[in-house]
Amino acid sequence: MTDRPPHDNAVPTSRRAARAAARSSAPEPAEVPAASAPAPAPASQHLGHGPASEVREQREPASRESAPRAVQTASAPAPGTLDALFTGEVSTHDVGDVPSRHDRDRKKSRIAKWVVLIVILAIIGGIGAGAAWVWNTYETQIRSVMGWEEPKDFEPGEATGEALVTVVDGDTGSTISQTLFDQGVTKTPTAFYDHLIATAQNPTFQPGVYALQQRMTSEAALDLILDPASRRQNAAQLREGLTLDQTVEVLAQGTGMSAEDFTSAIADPSAYGVSADTLEGWLFPATYQFDPGLSAADIVRTMVDRTVESLDAAGVPQERREEILTTASIIQREARLSDDFYKVSRVIANRLADGMPLQMDSTAQYGYDEMHDGTASSSAEALEDDNPWNTYVRAGLPAGPIANPGDEAIDAAMNPVDGPWLYFVTWNMDTGETIFSATYEEHQAGIEQWHAWCDANDNRGC
């Protein structure tokens, strides 16, 4: 939208309006000699608002060698004339009662039409780009105001396939609602929680792995989570990005063993061929169905072996395993979309090559033990704390992995995509859309877009 000064209603805004005003305020002469002076131009002119005959009439000399003629009064274009002008069915010479002009005027008229068309398309394109940004940023608010909200829940009868959902100790309706959405069970992150509120339910959720389906209604999902028959035995679902402590908790609840059993099992990484000080990053994220009778050490060995398989498949040399797992764990925590995994990997590689600090919030949050507060932003205390994982105060990679990476993150750590990026910011916390930048100025623009999204969405996840 452009800023324009308001027009004075007393002043005609076009040549046509000026002439109409003159005709209504003065008696029409019976005859106008060809040598009479032309009418004064209106105070504000917008060429192109009237037929082309009006513009040409001003350019004609006041007198000619030919016989005098009467002043032509242009007639209004017939319906569809504008469409016909753009399709070429008629020319500007066919509008009004002015006789055909020289071929040079025809050429100028055609050029003028193309210029007008190009300008219109440019304006529409600019408006379209602006509208797309507004829609992406304020879609929820626009839908709410206009009454265009999409259904938050799937319809009954849409359920298909299987989805395993893990409920951990301390989960609430709100956290389970997000988990169900992440696993493709419900349509929106808040659908399940909204159903609990709408039906005034506050059930007690038992930890475990539950067999559900994708595209379920929230009501149907709740029924299965509360049904003991849906609970899998000796199973554990470990999503990407969990820390070692979180993994131990999930394993204990899925297998029925104690957390102390797994804490003891992970105490000595060398028992599993790992030279690092801890098994952080080495317990591969996947859904496991363990045979009855396995010990905690057996289960841990199964998971470490699966990590080695992933490293070998990505072509990671044995001496680089810890390094790649560390890089992959940062990628896993920072990126959400598949293509972005490889771009984040490139940012890490570019910064290390340029001698820049990595300055990854995920590492600062891990070192300060605030990874699980549900927000992307780090506290000032976390950013300033001098610990071996804080890449805001320590150069290079952190002391070790910060989470369990999956296959894609490991592959991305080994194979960063080509690009000049040194910065990135996830500007849409719902979709994970991220802006990558080569300069700090571009990065600042991305941060402003993130701020706009956060302000428009109650700082959800910001």
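Trainee: What should I know before reading the values?

Mentor: Residues are numbered from 1 along each chain as its sequence is written, and side-chain values use heavy atoms, with hydrogens and water left out. Because this is a predicted model, local features need pLDDT of at least 70 and side-chain atom pairs count only at pLDDT 80 or more, while totals for chains, interfaces and linings use all residues.

Trainee: What is the mean pLDDT of the chain, and where is the pLDDT below 50?

Mentor: pLDDT is the predictor's confidence in each residue, from 0 to 100. The mean for the chain is 79, and 68% of its residues reach 70 or more. Over residues 1-79, however, the pLDDT is below 50, and the stretch 95-101 is also below 50.

Trainee: Why is Q253 called buried?

Mentor: Buried means under 20% relative accessible area, exposed means over 50%, and partly exposed lies in between, with a 1.4 Å probe and protein chains only. Q253 has a relative accessible area of 14%, and therefore Q253 is buried. Its place is in helix α8, residues 244-255, where a helix is a DSSP run of H or I with at least four residues, a strand is a run of E with at least two, and both are numbered from the N terminus.

Trainee: Which residues is Q253 in contact with, leaving aside its neighbours within four places in sequence?

Mentor: Contact means heavy atoms within 4.5 Å, and beyond those neighbours Q253 is in contact with V167, V168, D169, P207, G208 and R231. For D169, the backbone nitrogen lies 3.1 Å from a polar atom of the Q253 side chain.

Trainee: How do you know that a disulfide joins C454 to C462?

Mentor: A disulfide is a pair of cysteine sulfur atoms within 2.5 Å, and the S to S value for C454 and C462 is 2.0 Å. By this rule the count comes to one disulfide.

Trainee: What makes this disulfide left-handed, and are its cysteines buried or exposed?

Mentor: The torsion about the S-S bond of C454 and C462 is about -95 degrees, so the disulfide is left-handed. C454 is buried, with a relative accessible area of 3%, and C462 counts as buried at 12%.

Trainee: What makes β1 and β3 edge strands?

Mentor: The open sheet has three strands in the order β1-β2-β3, with antiparallel pairing. Both β1 (160-167) and β3 (231-232) are edge strands: each pairs on one side only. Two strands pair if DSSP finds at least two bridges between them, and two bridges join β2 (residues 208-214) to β3.

Key:
Polar contact = N/O pair within 3.5 Å; in protein donor to acceptor, adjacent residues only side chain to side chain.
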